[in-house]
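I opened this notebook to record what I looked up, entry by entry. The entries follow the order in which I consulted the structure.

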Amino acid sequence: MKRIYLFIVGFIYLVLIPEANACTRIVYTGDNGMVVTGRTMDWKTEMHSNIWIFPRGIERSGETGANSLKWTSKYGSVVTSAFEIASTDGMNEKGLVANLLWLNESVYPVWDKSKPGLTIAAWVQYMLDNFASVNEAISSLNKNSFQLVSDKMPDGTRLATLHLSISDATGDSAILEYIDGKLNIYHSKDYKVMTNSPTYDKQLALNDYWKSIGGLTFLPGTNRAADRFARASFYVNALPKIGDEKLAVASVFSVIRNVSVPYGISTPDSPEISTTQWRTVSDSKNLTYFFESSLTPDIFWVNLRDVNLSEGAPVLKLSIANGETYSGNTVNHFKVSQPFKFLGVND
């Protein structure tokens, strides 16, 4: 009777929550310090993404007008851009990983222009430039020294409502969400999975329901965020503990492919509930960033230890927006380039 009751409650809960948005992120911890973060990027249209390597010592602006947050990058990083206006995903030379995902429920604070501002387009880059660990990042955020500012998407149709996950080489993890104008931080090594709507506290509650069913008995199969959360949680925790990079990376890719959306699938009026455009896997131990496009046949990667990240080194770009095909280690395919400019917010 208890299981029947839980099933009914869970079913009603799933039906009543808002239509979910795509993208999924997982963190795997194996043996011998192996920590691997994987994510999918799902969107209705191509995002004109490219892969960038940024050295230390780059002067940055929060791009919010006169009182923009200013900083100089302490750490080099590799990132994947979107529309050449934002860093959406990446890893720095200390193994800190940041992933930007959609969250309909996001409500940012009223813009206080007396406080230094940071455009949401640079949120990922700010984390990668400044922090070596999740603990360090959270300690800084708790000082409330700047304000995150969002604006409309490039097509002008909707506010960019996003939340952020960070993970590090120790396996630590945090989810950052702005709800009703307040930053909510969920910080624990147990928070290995993140999808989209509903808010993270409700995602955890939904996952508790599916745990009561048991992943070997039944797992939900749609592209709704709650279903992807349940599948990803079961599989990432079921993976054997592995210390070998090749097997660990393959295991994480297998899970995020399981929660990917087939190419060509989309939901009307919701471009974010759509095709998986690309997948990344970040090995925080070995500092290798793997990329897989849905439109090209091979996985490729770059190891940050093979790149000059010292201050004064050039910014490097690997072009993938035009359908270029790569395989294996791409370190020699990157070209010197001027960095893209983050989409700013007018004050």
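**Entry 1: Leu164 and the core.** I listed the contacts of Leu164 in this predicted model. Leaving aside residues up to four places away in sequence, Leu164 touches Ala98, Asn99, Leu100, Trp123, Val124, Met127, Ala174, Ile175, Leu176 and Met194. I then looked up the largest nonpolar core, which has 88 residues. Leu164 is among the members that touch the most other members, together with Tyr28, Leu118, Trp123, Met127 and Ile166. Helix α6 (residues 245–258) gives the most to this core, namely six residues.

**Entry 2: the open sheet.** I traced an open sheet of nine strands with antiparallel pairing. I noted the order as β13-β12-β11-β8-β7-β6-β3-β20-β22. At its edges lie β13 (182–187) and β22 (335–336), each of which pairs on one side only. At the β22 end, I found two bridges from strand β20 (residues 316–318) to β22, in the antiparallel sense. Lys317 stands opposite Lys335 there.

**Entry 3: strand β7 and its neighbours.** I asked how many of the residues of β7 (residues 86–92) are buried. The count is seven of seven, and the strand is mostly covered. On one side I recorded six bridges to the antiparallel strand β6 (residues 77–82), with Val78 partnered by Met91. Three residues separate β6 and β7 in their hairpin, and Phe83 in the turn has a positive phi of about 55°. I also recorded three bridges between β7 and strand β8 (residues 97–102), again antiparallel. Asp89 has Asn99 as its bridge partner in β8. The hairpin of β7 and β8 has four residues between the strands, and Gly95 takes a positive phi near 90°.

**Entry 4: Arg39.** I turned to Arg39, which is found in strand β2 (residues 35–42). Is Arg39 buried or exposed? I noted a relative accessible area of 0%, so Arg39 is buried. I then looked for the polar partners of its side chain. The Arg39 side chain makes a polar contact with the side chain of Asp89 at 3.0 Å, and it reaches the backbone oxygen of Leu100 at 2.8 Å. Beyond four places in sequence, the residues that Arg39 touches include Cys23, Thr24, Arg25, Thr88, Asn99, Leu101, Ile256 and Trp278.

Entry 5: I followed β2 to its antiparallel partner β17, to which seven bridges join it. Thr40 has Arg279 as its bridge partner in β17, and Arg279 is also one of the residues touched by Arg39. Strand β17 (residues 276–283) is mostly covered, with eight of its eight residues buried. I counted six bridges from β17 to the antiparallel strand β18 (residues 288–293), where Tyr289 is the partner of Ser282. In the hairpin of β17 and β18, with four residues between the strands, Leu287 takes a positive phi near 60°.

**Entry 6: aromatic rings.** I found 18 aromatic pairs in the structure. One cluster, linked by ring pairs, holds Trp52, Phe54, Phe340 and Phe342. I then looked for charges over rings. Arg60 lies over the face of Phe54, 4.5 Å from the ring centre. The charged end of Lys113 sits over the ring of Trp111, at 5.0 Å from its centre.

Terms used:
Residues are numbered from 1 along each chain as its sequence is written. This is a predicted model: local features need pLDDT of at least 70, side-chain atom pairs count only at pLDDT 80 or more; totals for chains, interfaces and linings use all residues. Side-chain values use heavy atoms; hydrogens and water are left out. Buried means under 20% relative accessible area, exposed over 50%, partly exposed in between (1.4 Å probe, protein chains only). Two strands pair if DSSP finds at least two bridges between them. Rings of Phe, Tyr and Trp (its six-membered ring) pair if their centres lie within 6.5 Å; planes under 30 degrees apart count as stacked, over 60 as edge-to-face and the rest as tilted. A charge sits over a ring if NZ of Lys or CZ of Arg is within 6 Å of the ring centre and within 35 degrees of the ring normal. A polar contact is a pair of N or O atoms within 3.5 Å; within protein, one must be able to donate a hydrogen and the other to accept it, and residues adjacent in sequence count only if both atoms are side-chain atoms. Contact means heavy atoms within 4.5 Å. A nonpolar core is a set of buried Ala, Val, Leu, Ile, Met, Phe, Trp, Tyr and Cys residues joined through side-chain atoms within 4.5 Å.
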